[in-house]
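Please keep the model open while going through it.

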Amino acid sequence: VGNMEVCSRNRELTHLLNVQKTLGLIDDLDALGKKILFLSTGAVFDGMKGHYKEDDPASPINEYGKQKFIVEKYLFTRVPSALIVRLSKVISSSPREAHLLSEWNRILKEKGTIFCIDNEIFCPTLVNDIAAALLKAITSNLTGLYHMANQEVFSRFSLAREFVSAFGCIDSVEIRPLEYFGCVEPRPLDTSLVSEKLISHIGMEFTPVKYIIRNFREQM
(Lines give C-alpha, C1' and ligand atoms only; values in the text may rest on other atoms or scores of the structure.)
Protein backbone atom coordinates (compact mmCIF):
# COMPACT_ATOMS: atom_id res chain seq x y z
CA VAL A 1 0.00 0.00 0.00
CA GLY A 2 1.81 3.07 -1.26
CA ASN A 3 -0.70 5.79 -0.39
CA MET A 4 0.38 7.79 2.67
CA GLU A 5 -3.13 8.67 3.76
CA VAL A 6 -4.35 5.09 3.45
CA CYS A 7 -1.47 3.97 5.67
CA SER A 8 -2.29 6.64 8.24
CA ARG A 9 -5.97 5.71 8.38
CA ASN A 10 -5.49 1.92 8.29
CA ARG A 11 -2.37 1.33 10.35
CA GLU A 12 -2.99 -2.27 11.39
CA LEU A 13 -3.92 -3.54 7.93
CA THR A 14 -1.16 -1.69 6.08
CA HIS A 15 1.42 -2.71 8.71
CA LEU A 16 0.36 -6.31 8.14
CA LEU A 17 0.86 -5.96 4.38
CA ASN A 18 3.77 -3.52 4.15
CA VAL A 19 5.79 -4.88 7.06
CA GLN A 20 4.83 -8.31 8.38
CA LYS A 21 3.98 -9.96 5.06
CA THR A 22 6.88 -8.22 3.34
CA LEU A 23 9.37 -9.47 5.93
CA GLY A 24 7.96 -12.97 5.52
CA LEU A 25 8.41 -12.72 1.75
CA ILE A 26 11.98 -11.50 2.24
CA ASP A 27 12.75 -14.51 4.43
CA ASP A 28 11.26 -16.89 1.87
CA LEU A 29 13.21 -15.37 -1.02
CA ASP A 30 16.44 -15.26 0.94
CA ALA A 31 16.06 -18.93 1.86
CA LEU A 32 15.79 -19.70 -1.86
CA GLY A 33 18.98 -17.74 -2.55
CA LYS A 34 17.17 -15.05 -4.56
CA LYS A 35 18.44 -11.51 -5.08
CA ILE A 36 16.23 -9.09 -3.13
CA LEU A 37 15.39 -5.63 -4.47
CA PHE A 38 13.31 -3.44 -2.17
CA LEU A 39 11.75 -0.18 -3.33
CA SER A 40 11.66 2.36 -0.51
CA THR A 41 10.91 6.07 -0.39
CA GLY A 42 12.19 9.53 0.46
CA ALA A 43 9.40 9.58 3.05
CA VAL A 44 11.76 7.83 5.48
CA PHE A 45 13.08 11.36 6.14
CA ASP A 46 11.29 14.10 8.08
CA GLY A 47 11.43 16.45 5.07
CA MET A 48 12.95 19.35 6.98
CA LYS A 49 16.03 19.94 4.81
CA GLY A 50 15.79 18.01 1.52
CA HIS A 51 18.60 16.98 -0.84
CA TYR A 52 19.03 13.84 1.23
CA LYS A 53 21.96 11.49 0.69
CA GLU A 54 22.13 7.84 1.63
CA ASP A 55 24.10 8.53 4.80
CA ASP A 56 21.62 11.08 6.16
CA PRO A 57 19.80 9.66 9.19
CA ALA A 58 16.24 8.55 8.53
CA SER A 59 13.51 9.97 10.76
CA PRO A 60 10.04 9.14 9.36
CA ILE A 61 7.14 11.20 10.66
CA ASN A 62 4.16 9.23 9.37
CA GLU A 63 3.02 5.62 9.19
CA TYR A 64 4.00 5.08 5.56
CA GLY A 65 7.58 6.24 6.12
CA LYS A 66 7.85 4.25 9.34
CA GLN A 67 6.71 1.05 7.63
CA LYS A 68 9.24 1.45 4.84
CA PHE A 69 12.05 2.16 7.28
CA ILE A 70 11.27 -0.95 9.34
CA VAL A 71 11.80 -3.07 6.23
CA GLU A 72 14.99 -1.17 5.37
CA LYS A 73 16.45 -1.85 8.83
CA TYR A 74 15.48 -5.53 8.60
CA LEU A 75 17.32 -5.87 5.29
CA PHE A 76 20.40 -4.05 6.60
CA THR A 77 20.76 -6.54 9.44
CA ARG A 78 19.37 -9.77 7.96
CA VAL A 79 20.10 -9.58 4.21
CA PRO A 80 23.14 -7.37 3.58
CA SER A 81 23.27 -8.57 -0.03
CA ALA A 82 19.92 -6.91 -0.76
CA LEU A 83 19.56 -3.82 -2.93
CA ILE A 84 17.47 -1.04 -1.37
CA VAL A 85 16.37 1.80 -3.64
CA ARG A 86 14.67 4.96 -2.40
CA LEU A 87 12.43 6.77 -4.88
CA SER A 88 11.05 10.31 -4.94
CA LYS A 89 7.97 11.26 -7.03
CA VAL A 90 7.51 8.83 -9.93
CA ILE A 91 5.59 10.13 -12.98
CA SER A 92 4.90 8.98 -16.52
CA SER A 93 4.65 10.57 -19.95
CA SER A 94 1.56 8.48 -20.70
CA PRO A 95 -1.90 10.05 -20.25
CA ARG A 96 -3.35 6.53 -20.01
CA GLU A 97 -1.49 5.57 -16.83
CA ALA A 98 -2.46 6.56 -13.28
CA HIS A 99 0.02 9.13 -11.92
CA LEU A 100 0.30 12.77 -10.91
CA LEU A 101 0.28 14.30 -14.41
CA SER A 102 -2.69 12.27 -15.64
CA GLU A 103 -4.62 13.29 -12.51
CA TRP A 104 -3.84 16.92 -13.22
CA ASN A 105 -4.87 16.43 -16.83
CA ARG A 106 -8.24 15.06 -15.68
CA ILE A 107 -8.76 18.15 -13.51
CA LEU A 108 -7.95 20.45 -16.45
CA LYS A 109 -10.40 18.60 -18.70
CA GLU A 110 -13.10 19.15 -16.09
CA LYS A 111 -12.22 22.87 -15.93
CA GLY A 112 -11.20 22.47 -12.30
CA THR A 113 -8.40 23.88 -10.18
CA ILE A 114 -5.26 22.00 -9.14
CA PHE A 115 -4.59 22.53 -5.44
CA CYS A 116 -0.98 22.01 -4.34
CA ILE A 117 0.43 21.42 -0.86
CA ASP A 118 2.47 24.47 0.10
CA ASN A 119 6.25 23.91 0.11
CA GLU A 120 6.03 20.26 -0.91
CA ILE A 121 9.26 19.51 -2.78
CA PHE A 122 10.40 16.40 -4.64
CA CYS A 123 12.28 15.07 -7.68
CA PRO A 124 9.82 14.15 -10.48
CA THR A 125 11.27 11.03 -12.12
CA LEU A 126 10.11 9.26 -15.27
CA VAL A 127 8.94 5.70 -14.57
CA ASN A 128 10.79 4.47 -17.69
CA ASP A 129 14.01 5.86 -16.21
CA ILE A 130 13.33 4.03 -12.95
CA ALA A 131 12.87 0.76 -14.86
CA ALA A 132 16.09 1.29 -16.84
CA ALA A 133 18.06 2.26 -13.74
CA LEU A 134 16.80 -0.76 -11.81
CA LEU A 135 17.91 -3.07 -14.61
CA LYS A 136 21.34 -1.44 -14.69
CA ALA A 137 21.64 -1.69 -10.91
CA ILE A 138 20.70 -5.37 -10.94
CA THR A 139 23.02 -6.30 -13.80
CA SER A 140 25.80 -4.36 -12.05
CA ASN A 141 25.11 -6.51 -8.96
CA LEU A 142 24.75 -3.49 -6.70
CA THR A 143 24.03 -4.11 -3.04
CA GLY A 144 23.16 -1.77 -0.19
CA LEU A 145 21.27 1.52 -0.27
CA TYR A 146 20.91 3.88 -3.24
CA HIS A 147 18.79 6.91 -4.02
CA MET A 148 17.20 6.76 -7.48
CA ALA A 149 15.68 10.05 -8.58
CA ASN A 150 15.92 12.74 -11.21
CA GLN A 151 18.27 15.48 -10.04
CA GLU A 152 15.81 18.22 -11.01
CA VAL A 153 14.02 19.50 -7.92
CA PHE A 154 10.50 20.93 -8.11
CA SER A 155 7.89 22.10 -5.68
CA ARG A 156 4.49 20.56 -6.40
CA PHE A 157 3.30 24.06 -7.29
CA SER A 158 6.14 24.79 -9.74
CA LEU A 159 5.69 21.40 -11.43
CA ALA A 160 1.95 21.98 -11.75
CA ARG A 161 2.54 25.44 -13.21
CA GLU A 162 4.93 24.03 -15.80
CA PHE A 163 2.46 21.29 -16.66
CA VAL A 164 -0.60 23.49 -17.07
CA SER A 165 1.34 26.14 -19.02
CA ALA A 166 1.86 23.48 -21.71
CA PHE A 167 -1.92 23.53 -22.12
CA GLY A 168 -2.39 27.29 -21.75
CA CYS A 169 -4.12 27.06 -18.37
CA ILE A 170 -1.75 29.03 -16.12
CA ASP A 171 -4.54 30.24 -13.80
CA SER A 172 -5.60 26.69 -12.88
CA VAL A 173 -3.14 26.11 -10.00
CA GLU A 174 -3.41 27.29 -6.38
CA ILE A 175 -1.39 26.66 -3.20
CA ARG A 176 -2.97 25.43 0.03
CA PRO A 177 -1.42 24.55 3.41
CA LEU A 178 -1.16 20.87 4.31
CA GLU A 179 -4.01 21.29 6.84
CA TYR A 180 -6.38 22.11 3.98
CA PHE A 181 -6.20 18.52 2.70
CA GLY A 182 -7.31 16.93 5.99
CA CYS A 183 -4.34 14.59 6.36
CA VAL A 184 -4.38 12.45 9.51
CA GLU A 185 -0.60 12.67 9.99
CA PRO A 186 2.07 15.16 8.97
CA ARG A 187 3.89 14.64 5.70
CA PRO A 188 7.58 15.18 4.98
CA LEU A 189 7.50 18.29 2.79
CA ASP A 190 10.94 18.15 1.15
CA THR A 191 11.81 14.62 0.05
CA SER A 192 14.27 15.58 -2.68
CA LEU A 193 17.03 12.99 -3.02
CA VAL A 194 20.64 13.15 -4.19
CA SER A 195 21.44 10.27 -6.57
CA GLU A 196 25.15 10.90 -7.16
CA LYS A 197 26.10 7.54 -5.64
CA LEU A 198 23.86 5.62 -8.04
CA ILE A 199 24.84 7.70 -11.07
CA SER A 200 28.54 7.14 -10.35
CA HIS A 201 27.96 3.38 -10.44
CA ILE A 202 25.66 2.97 -13.44
CA GLY A 203 26.10 6.22 -15.40
CA MET A 204 22.36 6.91 -15.51
CA GLU A 205 20.98 10.03 -17.17
CA PHE A 206 17.46 10.97 -16.13
CA THR A 207 14.95 12.55 -18.51
CA PRO A 208 14.40 16.30 -17.94
CA VAL A 209 10.91 17.20 -16.77
CA LYS A 210 10.28 19.50 -19.75
CA TYR A 211 10.64 16.51 -22.08
CA ILE A 212 8.35 14.37 -19.93
CA ILE A 213 5.64 17.03 -20.12
CA ARG A 214 6.19 17.54 -23.85
CA ASN A 215 5.87 13.80 -24.49
CA PHE A 216 2.74 13.69 -22.33
CA ARG A 217 1.17 16.47 -24.39
CA GLU A 218 2.12 14.79 -27.68
CA GLN A 219 0.39 11.59 -26.58
CA MET A 220 -2.86 13.38 -25.79
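1. Terms and basis. Two strands are taken to pair if DSSP finds at least two bridges between them. Helices (H or I, at least four residues) and strands (E, at least two) are DSSP runs, numbered from the N terminus. This is a predicted model, in which local features need pLDDT of at least 70 and side-chain atom pairs count only at pLDDT 80 or more, while totals for chains, interfaces and linings use all residues. Residues are numbered from 1 along each chain as its sequence is written, and side-chain values use heavy atoms, with hydrogens and water left out.

2. Strand pairing. On these terms, leucine 83 stands opposite glycine 144 of strand 7. Strand 2 (residues 83-87) and strand 7 run parallel and are joined by five bridges. In general, the strands of a sheet pair through backbone hydrogen bonds, either parallel or antiparallel.

3. The order 1-2-7 describes an open sheet of three strands with parallel pairing. Strand 1 (37-41) and strand 7 (144-148) are at the edges; each has a single partner strand, so one side of each is left without a neighbour in the sheet. On average, neighbouring strands of this sheet are turned by 25 degrees against each other, direction ignored. Helix 3 (residues 63-78) packs on the sheet and touches strand 1, strand 2 and strand 7. The direction of helix 3 makes about 145 degrees with that of strand 1. For such angles, axes are lines fitted to C-alpha atoms, for helices over the stretch in contact, and the angles run from 0 to 180 degrees between N-to-C directions.

4. Serine 40. Is serine 40 buried or exposed? Serine 40, a residue of strand 1, is buried, with a relative accessible area of 4%. Here buried means under 20% relative accessible area, exposed over 50%, and partly exposed in between (1.4 Å probe, protein chains only). Not counting residues up to four places away in sequence, serine 40 touches Lys68, Glu72, Ile84, Val85, Arg86 and Leu87. Contact means heavy atoms within 4.5 Å.

5. Aromatic pairs. Six aromatic pairs are found in the structure. Rings of Phe, Tyr and Trp (its six-membered ring) pair if their centres lie within 6.5 Å; planes under 30 degrees apart count as stacked, over 60 as edge-to-face and the rest as tilted. The ring centres of phenylalanine 163 and phenylalanine 167 are 5.2 Å apart and the planes stand at 55 degrees, so this pair is tilted. For tyrosine 180 and phenylalanine 181 the centres are 5.2 Å apart and the planes at 85 degrees, so this pair is edge-to-face. Tyrosine 180 is partly exposed at 45% relative accessible area, and phenylalanine 181 is partly exposed at 33%.

6. Phenylalanine 163 is found in helix 6 (residues 156-165) and is buried, with a relative accessible area of 0%. Phenylalanine 167, at 26% relative accessibility, counts as partly exposed. Trp104, Phe163, Phe167 and Phe216 form one aromatic cluster. Leaving aside neighbours within four places in sequence, phenylalanine 163 contacts Leu101, Trp104, Asn105, Leu108, Ile213 and Phe216.

7. Charges over rings. A charge sits over a ring if NZ of Lys or CZ of Arg is within 6 Å of the ring centre and within 35 degrees of the ring normal. Lysine 89 lies over the face of phenylalanine 122, at 5.6 Å from the ring centre. Likewise, the charged end of lysine 197 sits over the ring of tyrosine 146, 4.4 Å from its centre.

8. Backbone points to inspect. Histidine 51 has a phi near 50 degrees, a positive value in a residue other than glycine. Histidine 51 belongs to the loop between strand 1 and helix 3 and counts as partly exposed at 46% relative accessibility. Asparagine 119, also other than glycine, has a positive phi near 65 degrees; asparagine 119 lies in the loop between strand 4 (114-117) and strand 5 (121-122).

9. The chain as a whole. The protein chain holds eight helices and nine strands. Buried residues make up 46% of its 220 residues. Along its principal axes, the C-alpha trace spans about 55 × 40 × 30 Å. Among contacts between residues at least 6 apart in sequence, 83% join residues at least 24 apart.
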